[in-house]
Amino acid sequence: MLDGTGPEWLSEEVKTGTTIIAIEYNGGVVLGSDSRVSAGASVVNRVMNKLSPLHDKIYCALSGSAADAQTIAEMVNYQLDVHSMEIGEDPQVRSAATLVKNISYKYKEELSAHLIVAGWDRRDGGQVFATLKGLITRQPFAVGGSGSSYVYGFVDAEYRRGMNKEDCQQFVVNTLSLAMSRDGSSGGVAYIVTIDEHSTEEKVILGNDLPTFFDQ
Amino acid sequence: MATLTVNRAALGGFSFENCKRNALLEGEANKVGCSLPSARKTGTTICGVVFKDGVILGADTRATEGMVVADKNCSKIHYISPNIYCCGAGTAADTEMTTQIISSNLELHSLSTGRLPRVATANRMLKQMLFRYQGYIGAALVLGGVDCNGPHLYSIYPHGSTDKLPYVTMGSGSLAAMAVFEDRYKPDMEEEAAKQLVRDAIAAGIFNDLGSGSNIDLCVITKGKVDYLRPHDEANKKGVRVNEAEALKLTGDYKYKRGTTGYSLLITHRRHDVFISSMEMMSEVTCVL
């Protein structure tokens, strides 16, 4: 590996120390992420969009090692393109999550990235899948990344079943804002993606437009 | 009982057998008292910026080997294709060879498609190769160019992650250069303003980072034209001692014309008695170089 002369962050692996969250509602999903990419103590990209499209209506949220996560997302994007051409229609979210899970499981010793897969398909509507370390589990919502530890309490307390689209978006924005203010490796702007039957909407919320809480 | 060894079929991916051999060799060398030669790094400042008509790449020209400057004027902006150039930081050999390999593959690809290559293609090829080697190829690159979709700028890290941004810096002096960019970057700048910005960013790296120095190279890429300005700015010109004639008086010129008569000086020593009349304490000044 690169030797020790020069600052350490030059030879440190680039990680997306991150906060990512995905939540489903009746009719779609909302994904959210922060935008900070760090290498050691240095921020190398303060505006990275960690919500990566796998297909028109399926997105994944990246966390962990930047190189590993980007590579998995690009590989699954390609495999999903081929798969959807073979079946002749839009792929299911479960298929995308399974493809991600297969890579994560097979190379679990070598990779250190966690992807949350979420999207909408005709068969089961909005779905969120967590694929940590090679498992695949469908959940009503999922959080990930280094900033998620700071907001487990908040999401557990605030989540209610049967929220509508606007409530979900507000929930995601609040969670990201709290995590970004407490986690050193999360920050920048917030990216929100809302996927439903009719459209896929991407939104950016700049740092000063995020909701503020006590002590901010 | 003899142990059975099963010949395992070679798994895909990179074979790290040579790394074990290298570690063994290093151990043997250290036992005798020598050390293996270290890889030459370009402790560097490289940067790129997207302006109105294209992309400008900038680099310093110092290559270091440990704490010694190995090359005062090395070229860090590498050719990838007629419309795409790449700056490299990290291990000099790695950046050199990686860019050459991708340049060759991209030329074959462009002949096969019959089109001018795209920056995104070069980016994919570079990141897939670097990811395959899991960070052992120490090449941190700033890739820029203009293709049919406009100007593009990417930063590529040794482990294989990439970022597509309007301005990027890399290398040991990247923090100094990024400070200049964050202060003065504006979208859609004119060419002269952008050249000045890149020049200032590299200068910040040169003067504030020990691993960067010497001159500033620029590469301005626009649709249909590439200006490779080497050097664009000689920020560190080597000085001349006084003027040449006076220097000769001080040091003496040992070159004589043919036919010069030689003679020797008679030197008499005089003894001087030295008296100490007063003594002053010099204040202590400690200087760290």
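Trainee: Which residue does A:Ser63 stand opposite in E8(A)?
Mentor: A:Ser63 stands opposite A:His114 in E8(A). Keep in mind this is a predicted model, where local features need pLDDT of at least 70, side-chain atom pairs count only at pLDDT 80 or more, and totals for chains, interfaces and linings use all residues. Residues are numbered from 1 along each chain as its sequence is written, chains are lettered from A and ligands numbered from 1 in the order in which they are written, and side-chain values use heavy atoms, leaving out hydrogens and water.
Trainee: OK, and how do E7 and E8(A) pair?
Mentor: In chain A, strand E7 (residues 58–65) and E8(A) pair in the antiparallel sense over seven bridges. Strands are DSSP runs of E, at least two residues, numbered from the N terminus, and two of them pair if DSSP finds at least two bridges between them.
Trainee: What joins E8(A) to E9(A)?
Mentor: A hairpin, through three residues. E8(A) and strand E9 (residues 125–130) of chain A run antiparallel, with six bridges, and A:Asp121 stands opposite A:Gly125 in E9(A).
Trainee: How many residues of E8 in chain A are buried?
Mentor: Nine of its nine; buried means under 20% relative accessible area with a 1.4 Å probe, protein chains only. Both faces are covered, with A:Val117 among the buried residues on one side and A:Trp120 among those on the other.
Trainee: Switching topic, how many helices and strands does chain B have?
Mentor: Chain B has six helices and 13 strands; helices are DSSP runs of H or I, at least four residues. Buried residues make up 41% of its 289 residues.

Definitions and conventions:
Buried means under 20% relative accessible area, exposed over 50%, partly exposed in between (1.4 Å probe, protein chains only).
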